[in-house]
Every structure is written in structure tokens, then in C-alpha cells.
Amino acid sequence: MLQAFNFSVVQIMAVAIIVFGAFVVRGLSGFGAGLIAMPLLVFVVPIRTAVPMMGLLVFTLFVFLSIRDRQEVVRDELKRLLPPTILGVIAGALLFKSLDGRLLVMMLGGFIVSFALYSLAVNHFGLPQLRCSRRWALPIGFVSAALDTLFGGGGGTLVVIYMHMRGISKVQFRATVAMLWFFEMIARIASYILSGYYTSSTLLLAALMLPMVWTGTRVGEHIDTRISQQTFSKVLAVMLLLSGISVLLK
């Protein structure tokens, strides 16, 4: 049956391992599932399968998180970020449909390498963190959503930086970005549906990966308090740098 949907058992197993690891990272940090998964998934399945699939998986998680943590949402920040986020999804969807698949992969690799180098500079060399006021909500929300829609994740890092620079507490940060990305995912999934990317193969693959989403998230949340944020950030940056380079060399 699996072969009829264009994916071999080896492909499915590889995708499951990648998705599990990506959502462990997401459980640890509160973000980053797409950023971790996408540079690895493009070695296993086409990018126009991987991006819509990750969109569905992240959306199912955010449905649960948005309900569970809704009382902790910082609504003023959500109201500022949501309109440019929806506009960014539209812009990203148009680019995703029109750009060549190989170019998308190269852009993904370049974006991940750039972010990894910045993270290393912040965490290892002491480069000052970016600073921004609430006026940055418009460009950050727009660019973040456009990048997320193009690459299946990664752009949300900009929102993470923005929220940290706004002094949002850890609990409120997780609740607010989960709610923001819940609405972003609705718009992204709608754009992928309109573009015809949800084939029977993609939907089946997403359904098979749902247990990996929940298991990985629970594992990540369980070990969240056992390592320091600084150590985790350094390890993550090195992993992303190697992943991004491998994508560029693909």
C-alpha cells in the first residue's frame, strides 16, 4: 500500500526519524521544528512534499498548544504581529509556487547557514543580541511568515528574537508564538491547498508522522530543564550549520 503512494519504507523510516528529532528540539526550545527538519527532509522527499507536510504536522501541534496555553498569550503582541504575518504568508506562497525547486533548496541552505553563523556569533563570540521596539512587529511578522511559507520553517526565529527583546517571559513567549503560528499555519495550509500540493501521498505521509510529532514533543518538554539554554543554543547552531552546508552541497 505504501508503495502506491510513491514513498518506500526506507523513505518513511527516514522521515519519521527526522520528524521525531525535529519535534524533540521544538519541545526543548518552543520553536525550530521546521528549521531542523527541512534541511534533512529535502534529502529524502521533494521540497514541495516536505514543506506542505511539515505545515500539517506543526498545525496539529499548535491546535493543542493554543487551547492549552491560551490564558498566557500576550494579546497586544499578538495583535501587532498577526496582520503582517498573514501578508507574509501570501507573499511566501506566491514565491513558493513560482520559484524553481532547486533554487528553493539553495535558498533554504543559505538561509540556514546564515542563521547558524549568527547564532554562533551570539552564543560563542559574545556578539550582542539584536534589539528592537514594538515598531519592528510589522517587518518581522511579514518576513518571518514569508520565510516560513517558503521553507516550511525557520522564519519564526525572527519572531523568537523579537519576543525575547520585548522582555516576554518564557511561559508567555511559548503561548504567544504558539497562538500566532496557529493562525499563520491556517493561512499557509490554505495557500498550499490552493496550489495543489496536498496530494494523497503527502497527506498519507503526514498522517503516518503524527505519532512522531507527539512523542518528540513530549520527550523534548521532559528534558527541557536538564540542559542550559546556552548549551542547547550552541549545539543547535552547530547542527544547523552542518545541515545548511550539506544542503548547499546537495
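Let's start in the largest nonpolar core, which has 74 residues. A nonpolar core is a set of buried Ala, Val, Leu, Ile, Met, Phe, Trp, Tyr and Cys residues joined through side-chain atoms within 4.5 Å. Of its members, M53 and M54 touch the most others. Helix α8 (residues 170-194) gives the most to this core, with 11 residues. Helices here are DSSP runs of H or I with at least four residues, numbered from the N terminus. In soluble globular proteins, nonpolar side chains tend to be buried together.

Before going on, a word about what you are looking at: this is a predicted model, in which local features need pLDDT of at least 70 and side-chain atom pairs count only at pLDDT 80 or more, while totals for chains, interfaces and linings use all residues. Residues are numbered from 1 along each chain as its sequence is written, and side-chain values use heavy atoms, leaving out hydrogens and water.

Now find M53. Leaving aside residues up to four places away in sequence, M53 touches V15, V19, L41, Y198, T202, L205, A206 and M209. Contact means heavy atoms within 4.5 Å. Next, look at T49, which is found in helix α3 (residues 47-68). Is T49 buried or exposed? T49 is buried, because its relative accessible area is 12%, and buried means under 20%, exposed over 50% and partly exposed in between (1.4 Å probe, protein chains only).

Let's turn to charged residues. How many salt bridges does the structure hold? There are 3 salt bridges, each being a side-chain nitrogen of Lys or Arg within 4 Å of a carboxyl oxygen of Asp or Glu. Side chains of opposite charge can pair when their charged atoms come close.

One of them joins D69 and R68, with the closest N and O atoms 3.0 Å apart. D69 is buried at 18% relative accessible area, whereas R68, at 43%, counts as partly exposed.

Another salt bridge links E77 with R80, at 3.1 Å between the closest N and O atoms. These two sit 3 residues apart in helix α4 (residues 75-98), so about one helical turn separates E77 and R80. E77 is buried at 3%, while R80 is partly exposed at 25%.

Finally, go back to helix α8, where R188 and E184 lie 4 residues apart, about one turn of the helix. R188 forms a salt bridge with E184, and their closest N and O atoms are 3.4 Å apart. Both partners are buried: R188 has a relative accessible area of 4%, and E184 has 2%.
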